[in-house]
Amino acid sequence: MACLKDTQINALYTLEETIAKDIFDGAVYPWEVLSKIGSYIVELGNTLPEEIYERKGDNVWIAKSAKVYPSAYINGPAIIDEDAEIRHCAFIRGNAIVGKGAVVGNSTELKNVILFNKVQVPHYNYVGDSILGFKAHMGAGSITSNVKSDKTLVVVRAGGEELATGLKKFGAMLGDNVEVGCNSVLNPGTVIGKQSNVYPTSMVRGFIPAGSIYKKQGEIAQKE
């Protein structure tokens with residue numbers, strides 16, 4: 001039976017797979033760190049070795065091994081880690097950490113996010129106020145919706161339990177190796193456990209347990 005404990009940081013993420021590991025110190029749930037991302041980037045960025053990272057503009061650090069297309073836009077604070085790829089017309093609005101070997105693709109927009117190592121958001125994605133775990137992948141056109149239509153604060157629901165986050169802006173927390181199908185919408189407060197798959201064109205809300213296949217609301221199968 002799913003419960004709120006399944007949405008905790010240690011249940012979703014391999015912290016060794018992000019340069020931002022220390023931001024999670026003292027936190028229980030991943031969304032607790034969303035408000036800290038910007039200041040953490042500035043603090044961390046100023047300690048990064050100059051032989052590996054180059055500071056560009058206002059609080060933007062880009063690894064020298066990263067590939068950034070000329071048409072991409074990166075606003076600080078931001079860290080682009082080693083071997084990441086920022087493709088044509090990517091729009092990084094700020095407060096973004098892009099992990100080692102991660103891909104931010106054509107016309108993808110990021111805002112207030114942590115992408116763990118080897119995350120792929122490669123085609124027409126919007127990712128805001130979200131944390132994507134190691135090797136998480138969002139298919140073309142899939143997005144995180146980060147504000148409720150009635151503008152009320154986001155509540156996370158898992159099983160029969162509820163937890164008020166106190167946040168107006170909260171996109172999605174994706175565990176390690178989560179696969180999100182094309183043109184899916186992850187509603188505010190969505191949490192998806194490790195190794196789970198979401199069918200294309202899905203409308204997702206609430207908590208999806210680890211190792212699941214999300215077919216549609218009310219139809220979730222466990223992987224064998």
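In what follows, Ala, Val, Leu, Ile, Met, Phe, Trp, Tyr, Cys and Pro count as nonpolar, Asp, Glu, Lys and Arg as charged, and the others, Gly among them, as polar. The structure described here is a predicted model.

## Pockets

By that grouping, the lining of the largest pocket divides into 4 nonpolar, 5 polar and 3 charged residues. The volume of the largest pocket is about 200 Å³, and its lining consists of Ser145, Val147, Lys148, Ser149, Val154, Val155, Arg157, Asn187, Pro188, Gly189, Arg205 and Gly206. The second largest pocket, with a volume of about 160 Å³, has a lining made up of Lys56, Val60, Ile62, Val68, Ala72, Tyr73 and Ile74. Two or more residues of this lining come from strand S2 (60–63), and likewise from strand S4 (73–74). In the second largest pocket the lining residues divide into 6 nonpolar, no polar and 1 charged.

Asp81 sits in the loop that runs between strand S5 (78–80) and strand S6 (85–86). With a relative accessible area of 0%, Asp81 is buried, because buried means under 20% relative accessible area. Its side chain makes a polar contact of 2.5 Å with the side chain of Tyr53. When neighbours within four places in sequence are left aside, the residues in contact with Asp81 are Ile19, Tyr53, Ala63, Ala66, Val98, Gly99 and Lys100.

Asn117 belongs to another loop, the one between strand S10 (109–115) and strand S11 (120–123), and with a relative accessibility of 8% it also counts as buried. From C-alpha to C-alpha, Asn117 and Asp81 are 8.5 Å apart in space, while in sequence 36 residues separate them. Leaving aside neighbours within four places in sequence, Asn117 is in contact with Glu16, Glu17, Thr18, Gly99, Lys100, Phe134 and Lys135. For Lys100, the backbone nitrogen lies 2.9 Å from a polar atom of the Asn117 side chain.

## Cysteines

The structure holds 0 disulfides. A disulfide is a covalent bond between the sulfur atoms of two cysteines. The closest cysteine sulfur to that of Cys89 belongs to Cys182 and is 20 Å away, so the two are too far apart for a bond, given that a disulfide needs sulfur atoms within 2.5 Å. Cys182 is likewise in no disulfide, with the sulfur of Cys89 as its nearest cysteine sulfur.

| Residue | Relative accessibility | Class |
|---|---|---|
| Cys89 | 34% | partly exposed |
| Cys182 | 36% | partly exposed |
| Ser107 | 36% | partly exposed |

## Backbone features

The peptide bond that joins Gly76 and Pro77 is cis, with omega at about 0°, and Pro77 lies in the loop between S4 and S5. Cys89, found in the loop between S6 and strand S7 (91–92), has a phi near 65°, which is a positive value in a residue other than glycine. Ser107, whose place is in the loop between strand S9 (103–106) and S10, has a positive phi of about 65° although it is not a glycine.

Terms used. Residues are numbered from 1 along each chain as its sequence is written. This is a predicted model: local features need pLDDT of at least 70, side-chain atom pairs count only at pLDDT 80 or more; totals for chains, interfaces and linings use all residues. Side-chain values use heavy atoms; hydrogens and water are left out. Helices (H or I, at least four residues) and strands (E, at least two) are DSSP runs, numbered from the N terminus. Buried means under 20% relative accessible area, exposed over 50%, partly exposed in between (1.4 Å probe, protein chains only). A polar contact is a pair of N or O atoms within 3.5 Å; within protein, one must be able to donate a hydrogen and the other to accept it, and residues adjacent in sequence count only if both atoms are side-chain atoms. Contact means heavy atoms within 4.5 Å. On a 1 Å grid over the protein atoms alone, a cavity is a set of points where a 1.4 Å probe fits but cannot get out, and a pocket is an open set with protein on both sides within 12 Å along at least five of seven lines; lining residues have an atom within 4 Å of a point. Grid points are joined across faces, edges and corners, and a volume is the space filled by probe spheres set on the points.
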